[in-house]
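Here is a short report for a reader meeting this structure for the first time. Please look over the sequence and the 3D view before reading on.

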Amino acid sequence: MNRAALKPHHLFLFIIVFLWLSPFAQAEDSLPKPPEYVGSETCTSCHAEAAEDWKGSHHALAWTAPSDETVVGLFDGRSFSHQGTTSRFSKEDGRFLIDTSDVKGGPQQYEVVGVAGIEPLQQYIVETEPGRLQSFDVVWDVEQNRWFHLYPDQELTADDGLHWSGPYKNWNARCAECHATGFEKNYDPKTEMYQSRQVEIGVGCEACHGPAQAHVEWAETGVPVDVTKWAGTNDIGLLINLPSDDSAEAELRGYLAGTQQRLSRLSQTETQIQQCAGCHSRREPFEGGNPLPGTPFHDAYRLSNLREGLYHPDGQIEDEVYAYGSFLQSKMYANGVTCTNCHNPHTAEVKLEGNALCGQCHSPAGNPDFPSLALKEYDDPSHTFHAEGSTGAECKSCHMIERTYMGVDGRRDHSFRIPRPDLSLQTQAPNACNDCHDDQTYGWAADAVASWYPNSAKRGPHFSQILAKGRNDLRGQGEALVGLAEYDALPAIVRATALDMLVPLTNPALATRLEPLLSNPEPLIRVAAISIQRGAPETERSARLVGLLGDPVKAVRIAAARGFLGMRIAYMPEKMNQDLNVAMGEWQTSLAAKADFPEAQLVLAGIGLTTRRMDVALNAFGEAVEMDPQLTQAWVMMIRIHDALGDRQAAIETVHNALEKNPNDVQLNLMRADIGG
């Protein structure tokens, strides 16, 4: 295979032409520039108490430069062996060094150029090529004082995409934006190199509060901020930068109401939650770095729904999904609870220890901010049915199950669910009772809960029963999934998940039935409902989707642009055509920002297939397998395309290259037998 023909810049030339030459880029350039970042040190001179809380926090230490103060692992010459490879950790002339045989091309020595985190583990960042940072998979266990491998059961060769040197462990693309302030990835698809930069490493003050230039100018001069100077660049960040003056805030809100839609979409509660969610979520980014603080979540990311492999059928965490997707399922979110009701945003720790944290609201005294709460005693054996002071009597043991990721890092589910061992019998999803009583059956736990609460209304039907069955028998659960999608009492993420599952079943009747969801107030539902319209006739589909091209939410606009891909449209009114160009431009920009993602290359290949540009599809599939040779579906598609084009020799060559990387793949071996050669 001629790899020289498979460079991504060729593909992006096509994408730019295919998606017209959107006016979106010019519109971005015409906006006023945002305030400048000033650095956390500038903030600490006035905000001493907050700075003291922040110093030493997981946010402040999310990414630090290597030094005797920041490195806690023992770089004293000891070695660690894993799956036939050995890595040695040493220190020389103040430099922290990793000598490893776990690398392509023979043993290499790398200098540690960055430190990630502080506890319960610490990870080390090395530079494998100029500008390319990778997170090493042998990490330091802070509690046990030992080196360990993050994936001890995986045998990952150096040409595996999941190897520490591969694209999924690339620090620039996968990690840095949430470990830095003002990060810009700056990946060049032509050279396949990074020139990343950031205002500061670590999650500093301005990572959450926004660039502080306007605030500092006011603090130093006492002159009120000119609200028009930066309007349209960082709406919510501007509010944070203003002095605590209701009239100034009202002036800014009034000004923005006429020029921007972002701010009006979000309440103060939602603004705060979405600011945290930018990093504390499993999501697809639209940009190549930090969006300006205050950017609404759905203008910067597409959230992962409750997909199999990420979440259990009842929405409990399975893979490492962080907190936002779980929290959206909770009654606490539905009733206005925010992150800072429980967490100190500067220390990044909970405000109170033990059951006192939940007792801020769940007690006989209650909390006037949440008047719907039942005023009763919860921290008592009459509620917990466990001995006072025991692990079983802790609120989090029953209502926030814990799962361990990265070997030693325990994370708690933020859906705050009532334990339902009765559902485990039907869905095989875990439950809090059997987490502790792992020597007992689901039936035993279900009987125990039923005996404690014999007349409970909390054991009724649950969406997990349908999602679990749908995962095993999609066609048999089609109508039930439609019912979930239409049921407006369910959390939006659950309804969007049902819509995602229905896409393979879509047809004209289903698309018509679910058309009303295109105007649902929840962006998650609008995004998912757009895909259902694939089943509609083209003329009806375009008529239904055209209004969403100008939706106030970027995630919806991009989804609508994808919905128009491949349509044959003879004429559109000027305003609609402009909306289509802008939405297509946003999609183009989003794909360009992820040119270093194998999964983005698969999307680009799909565009090539849809538009019958087989050269484009081959280029993108080729780039995807160069990044991740284990993407067998990409190899399969390349073989099929070559075969369909009558290029038998290229098909034979491709199947041999694929099997060299994936010798045990059944489908590839069958294709070799079928093609011959």
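Predicted model: local features only at pLDDT ≥ 70, side-chain atom pairs only at ≥ 80, totals over all residues.

**Overall build**

The chain has 677 residues, and 49% of them are buried. Its secondary structure comprises 33 helices and 16 strands. Take the contacts between residues at least 6 apart in sequence: 57% of these join residues at least 24 apart.

Strand β1 (residues 79–82) pairs with strand β2 (residues 85–92). The two are antiparallel and share four bridges. Ser81 has Thr86 of β2 as its bridge partner. Two residues sit between the strands of this hairpin, and Gln83 takes a positive phi near 50 degrees.

Strand β2 also pairs with β3 (residues 95–100). Here the strands run antiparallel too, joined by six bridges. Lys91 stands opposite Phe96 in β3. This hairpin has two residues between its strands, and Asp93 takes a positive phi near 55 degrees.

**Salt bridges**

The count comes to 28 salt bridges.

| Pair | Closest N to O distance |
|---|---|
| Asp159 and Lys661 | 3.5 Å |
| Glu402 and Arg412 | 4.0 Å |

Begin with the salt bridge between Asp159 and Lys661. Asp159 lies in the loop between β8 (146–149) and α5 (171–174), and Lys661 in helix α32 (residues 648–661), so the pair ties together parts 502 residues apart in sequence. Asp159 is partly exposed, at 23% relative accessible area. Lys661 is also partly exposed, at 33%.

Is Lys594 buried or exposed? Lys594 counts as buried because its relative accessibility is 3%. Glu284, at 32%, counts as partly exposed.

Then there is the salt bridge between Glu402 and Arg412. Glu402 lies in strand β15 (residues 402–405) and Arg412 in strand β16 (residues 409–412), so the parts tied together are ten residues apart in sequence. Glu402 is partly exposed at 39%, and Arg412 is partly exposed at 24%.

**A buried glutamine**

Gln134 is found in strand β6 (residues 132–135). Its relative accessibility is 0%, so Gln134 counts as buried. What does the side chain of Gln134 reach? It reaches the backbone oxygen of Gly166 at 3.1 Å. Leaving aside neighbours within four places in sequence, Gln134 is in contact with several residues, including Tyr124, Trp164, Lys169 and Trp171.

**A partly exposed glutamine**

Gln633 is found in helix α31 (residues 632–644). At 43% relative accessible area, Gln633 is partly exposed. Gln633 and Phe621 are twelve residues apart in sequence, with 9.0 Å from C-alpha to C-alpha.

**A nonpolar surface patch**

Which residues form a nonpolar patch on the surface? They are Phe385, Trp452 and Tyr453, with about 250 Å² of accessible area together. Tyr453 lies in the loop between α20 (442–452) and α21 (463–472). Tyr453 counts as partly exposed because its relative accessibility is 31%.

Definitions and conventions. Residues numbered from 1 in each chain as written. Heavy atoms only, no water. Buried < 20%, exposed > 50% of the residue type's maximum accessible area, 1.4 Å probe, protein only. Contact = heavy atoms within 4.5 Å. Patch = residues over 30% accessible without salt bridge, like charges linked within 9 Å, V, L, I, M, F, W, Y side chains within 5 Å. Areas by Shrake-Rupley, 256 points an atom, 1.4 Å probe, with all protein chains shown as cover. Salt bridge = Lys/Arg side-chain N within 4 Å of Asp/Glu carboxyl O. Polar contact = N/O pair within 3.5 Å; in protein donor to acceptor, adjacent residues only side chain to side chain. Pairing = 2+ DSSP bridges.
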